[in-house]
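Colleague: I am new to this structure. Please take me through it, starting with one residue and its surroundings.

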Amino acid sequence: MKKTTLKIENFAQIKKAEIEFGDLTVLVGAQGTGKSLVLQWLKTALDGKQIVTQLRDAGQQANGQELIDLIFGQGMGAAWTTKSKVTIDGKSVSLNAIGLRGRQAGQVFFIPAHRATLLSDGWAAPFQRLAPDVPVAARIFSQTLFDQFSSKGGNDLFPVPKLLKEEYRKLIDDAVFHGGTVNLEQQGASTKRLRLTHGSSKLPFMTWTAGQREFTPLLLGLYNLLPRTNQRKRPEVNWVIIEEPEMGLHPRAINVFMLLVLDLLWRGYKVVLSTHSPDVLTAVWMLERMKENSAKSSDVCKAFGAAPSLAKVTSAALSKDYRVHVLAFDANGRTVTSKDISGLDPSSENEEEANWGGLTKFSSNYGDVLRKIVNKNSRTTSLKKSGK
């Protein structure tokens with residue numbers, strides 16, 4: 001199958017980024033290298049019509065650089081210059097034609113970073129209530145949560161027996177909520193707020209642990225991708241973008257999240273992640289090595305601590321295409337280019353691939369320094385004992 005390729009040139013700090021997407025694509029790189037910009041451009045290139053429609057419905061109409069401000073946040077208009085260029089599969093993404101791209105429903109479901117801030121008072125704001133300095137992807141996601149909270153359905157958000165498989169619910173509970181239940185509690189005649197209930201305690205959102213606050217909107221976003229019908233996926237959605245899924249999470253919870261990613265892949269979604277977590281890349285590295293060594297679905301289940309009943313999901317994981325790209329500053333420290341490091345080979349001559357885009361660089365350096373100290377100390381001790 002033909003892979004989707006996004007190219008960005010001379011936009012903000014990005015000098016040149018060329019990203020070829022697989023079934024699961026992971027972007028890594030230091031802060032400020034433009035991972036969010038790449039993901040937002042992918043959303044814009046595929047869902048321009050949805051973005052422009054929502055902006056117009058909110059009374060915000062703009063073209064050209066003003067539209068860049070609205071998409072990426074106020075102040076970003078200056079990032080687009082006469083040298084800027086964006087293409088997807090070789091076709092130019094023209095600023096003046098963004099509103100004609102894709103379908104109004106949108107085929108990309110985007111879960112942004114800092115999602116917990118959208119729920120700071122235990123409720124999600126609609127699109128038009130968020131200021132223009134909030135990137136449009138975050139505003140669309142907040143509208144999705146607002147619609148969920150405002151629906152006439154039940155107020156129970158976790159666990160929901162008919163929405164997630166029991167195997168996932170148990171793993172999520174053990175890793176994140178520890179017997180607690182998440183629901184919307186009525187506050188007055190017309191107001192609801194998120195509550196985490198443990199026995200007789202009903203905890204407001206800002207008293208939850210950081211991991212619980214970050215994981216809850218992530219989980220609620222994933223609910224939108226799990227149809228209650230016999231269909232595996234929502235037919236109009238093809239892509240899922242999740243920024244920094246590891247925020248606030250213990251490695252145990254990251255493991256559960258990666259298992260949920262495998263479920264999305266089994267359903268037929270293309271998933272794109274940005275991350276600063278070596279645990280995410282370790283999972284990708286392991287799956288690639290399993291593919292090379294003819295592993296079975298039962299091996300994947302064991303690795304993720306998953307029940308054998310998830311064999312269809314883990315079997316599908318062994319047939320998927322995994323891609324990893326790093327965004328890194330050039331020698332001048334001001335402009336960014338991308339590199340494909342999908343091999344994740346620790347012995348690679350490519351330093352970016354060997355240290356997984358910098359995610360293992362410091363731990364490796366710590367180990368190298370400590371090993372030299374231990375070896376030196378051992379030699380000194382041996383010489384003293386021998387009297388030399």
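Modeller: Leaving aside neighbours within four places in sequence, valine 336 is in contact (heavy atoms within 4.5 Å) with Gln13, Ile14, Lys15, Lys16, Thr33, Leu327, Ala328, Phe329 and Asp330. Please keep in mind that this is a predicted model: local features need pLDDT of at least 70, side-chain atom pairs count only at pLDDT 80 or more, and totals for chains, interfaces and linings use all residues. Residues are numbered from 1 along each chain as its sequence is written, and side-chain values use heavy atoms, with hydrogens and water left out.

Colleague: How far apart are valine 336 and isoleucine 14, in sequence and in space?

Modeller: They are separated by 322 residues in sequence, yet their C-alpha atoms are 4.6 Å apart in space.

Colleague: And where is the place of valine 336?

Modeller: Valine 336 belongs to strand β14, which covers residues 336-340. Strands here are DSSP runs of E with at least two residues, and helices are runs of H or I with at least four, both numbered from the N terminus.

Colleague: Does valine 336 count as buried or exposed?

Modeller: Valine 336 counts as buried because its relative accessibility is 0%. Buried means under 20% relative accessible area, exposed means over 50%, and partly exposed lies in between, with a 1.4 Å probe and protein chains only. Of the 388 residues of the chain, 51% count as buried.

Colleague: Which sheet has β14 in its order?

Modeller: β14 sits between β2 and β13 in an open sheet of 10 strands with mixed pairing, whose order is β5-β4-β1-β2-β14-β13-β3-β12-β11-β6. Its edge strands, each pairing on one side only, are β5 (91-92) and β6 (108-111). Two strands pair if DSSP finds at least two bridges between them.

Colleague: In what sense do β3 and β13 pair?

Modeller: Strand β3 (residues 24-28) and strand β13 (residues 322-329) are parallel, with five bridges. Within that pairing, threonine 25 has arginine 323 of β13 as its bridge partner.

Colleague: Next topic: which strands pair with β8?

Modeller: β8 (residues 181-186) is joined to β7 by two bridges, and these strands run antiparallel. Here aspartate 156 has asparagine 183 in β8 as its bridge partner. β8 also pairs in the antiparallel sense with β9 (residues 192-198), over six bridges.

Colleague: Which residues does a cis peptide bond join?

Modeller: Phenylalanine 158 and proline 159 are joined by one, with omega at about -5 degrees. Proline 159 lies in the loop between β7 (156-158) and α4 (166-177).

Colleague: What about phi of alanine 12?

Modeller: Phi of alanine 12 is near 55 degrees, which is positive although the residue is not glycine. Alanine 12 is in the loop between β1 (5-11) and β2 (14-20), and it counts as partly exposed because its relative accessibility is 38%. Glutamate 244, in the loop between β11 (239-243) and α6 (251-267), also has a positive phi, near 40 degrees.

Colleague: Finally, how many helices and strands are there in the chain?

Modeller: The protein chain has 11 helices and 14 strands. Its radius of gyration is 23 Å, close to the 21 Å that the globule rule gives for 388 residues, so the chain is as compact as a globular protein of that length. That radius is taken over C-alpha atoms, and the rule is 2.2 Å times the number of residues to the power 0.38. The C-alpha atoms fill a box of roughly 85 × 60 × 40 Å along the principal axes.
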